[in-house]
Amino acid sequence: AALSFPAFGKQHKAPQEFLEGTAKEAEVVDLMLAAVEKAVALPAGTLGGATGAVRHTKLQLWGAALPISRWASSDAVDFVWSAAHRIGIAGDWLSSVPERASTIEAAWISGVRLADHIAGHSSDDAGLQLGESGGVFVPVNADFGSSGSEAVAWVDPESPKGKGKGRKGKWKGRSNSRGRG
């Protein structure tokens, strides 16, 4: 796998659903393979082009999934795990480190830490505490933009749930007493 930096992704951003087989896909793949060649001191054209060693590629533009907020759990984990339901969530928006949110690194760390938690502590909830003393959604100040707000929001665990129950009152704004905004 070859991963780019946010500035490269921003420069080459294109709709993911219309990417396969396009000139943009070919351009980005060629640029990425050329960068790998340069990084490992291979002659130009060793990996890419008609005579290159790489025969198949799959391009995924990460910009299609950038969140505008991150979940900052009260227990400072990078994932969510429900022991009762035996289900977990990992992603780039689950980051205990603000500067890492919305990055490939955050997604990777989230998945690895969730796997470690399941392997060693699957009977313990993590990242799940809701309510005013629980986790909060915090705006991400990433390269691709931000939510335009410094407000944080917490999830009311007593709000109605289920189809047809309504969502009024589910998200509560509050001042940030944790120094995050």
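Trainee: Which residues of α2 are buried?

Mentor: This is a predicted model, so read everything here as computed. The buried residues of α2 are Glu25, Val28, Val29, Met32, Leu33 and Glu37.

Trainee: What span should helix α2 have, and what do its end C-alpha atoms give?

Mentor: Helix α2 covers residues 23-39, which makes 17 residues. At 1.5 Å a residue, α2 should span 24 Å. Its end C-alpha atoms are 24 Å apart, so the two values agree.

Trainee: How many residues does the chain have, and what share counts as buried?

Mentor: The protein chain has 181 residues, and 30% of them count as buried. The chain exposes about 11,400 Å². Carbon and sulfur atoms supply 57% of that area.

Trainee: Which residues make up the largest nonpolar core?

Mentor: First the general idea. In soluble globular proteins, nonpolar side chains tend to be buried together. Now the case here. The largest nonpolar core has 9 residues: Ala14, Leu19, Val28, Val29, Met32, Leu33, Leu47, Leu59 and Leu61. Val28, Val29, Met32 and Leu33 are among the buried residues of α2. Next look at Ala14. Leaving aside neighbours within four places in sequence, Ala14 is in contact with Leu19, Lys24 and Leu61. A second, separate core has 6 residues, including Phe79, Ala83, Leu114 and Ala126.

Trainee: Leu114 belongs to α3, I think. Which residues of α3 are buried?

Mentor: The general idea first. An α-helix has 3.6 residues a turn, so residues three or four places apart point the same way. In α3, the buried residues are Ala106, Ile109, Ser110, Leu114 and His117. They cover an arc of only 135° around the axis, which puts them on the same side of α3.

Trainee: Which residues are exposed on the other side of α3?

Mentor: Trp108, Asp116 and Ala119 are exposed there. As for the buried residues of α3, what covers them includes β2 (80-82) and β3 (87-89).

Trainee: How many residues does α3 have, and how far does it reach?

Mentor: Helix α3 runs over residues 104-121 and has 18 residues. From its first C-alpha to its last it reaches 25 Å, close to the 26 Å expected.

Trainee: Is Arg86 buried or exposed?

Mentor: Arg86 is exposed, because its relative accessible area is 55% and the cut-off for exposed is over 50%.

Trainee: What does Val77 touch beyond residues up to four places away in sequence?

Mentor: Val77 touches Ser96, Ala126 and Gly127. Val77 is also in the loop between β1 and β2. Compare sequence with space: Val77 and Gly127 are 50 residues apart in sequence and 5.8 Å apart in space, C-alpha to C-alpha.

Trainee: Where is Gln129 found, and with what is Gln129 in contact?

Mentor: Gln129 is in the loop between α3 and β4 (136-139). At 43% relative accessibility, Gln129 counts as partly exposed. Leaving aside neighbours within four places in sequence, Gln129 is in contact with Trp71, Ser74, Gly134 and Gly135. A polar contact of 3.3 Å joins the side chains of Gln129 and Ser133. Gln129 and Val80 are 49 residues apart in sequence, with their C-alpha atoms 9.5 Å apart in space.

Conventions
Residues are numbered from 1 along each chain as its sequence is written. This is a predicted model: local features need pLDDT of at least 70, side-chain atom pairs count only at pLDDT 80 or more; totals for chains, interfaces and linings use all residues. Side-chain values use heavy atoms; hydrogens and water are left out. Helices (H or I, at least four residues) and strands (E, at least two) are DSSP runs, numbered from the N terminus. The expected span of a helix is 1.5 Å times one less than its number of residues. Buried means under 20% relative accessible area, exposed over 50%, partly exposed in between (1.4 Å probe, protein chains only). The arc is that of the directions from the helix axis to the C-beta atoms. Contact means heavy atoms within 4.5 Å. Accessible areas come from the Shrake-Rupley method with a 1.4 Å probe; for residues, only the protein chains shown count as cover. A polar contact is a pair of N or O atoms within 3.5 Å; within protein, one must be able to donate a hydrogen and the other to accept it, and residues adjacent in sequence count only if both atoms are side-chain atoms. A nonpolar core is a set of buried Ala, Val, Leu, Ile, Met, Phe, Trp, Tyr and Cys residues joined through side-chain atoms within 4.5 Å.
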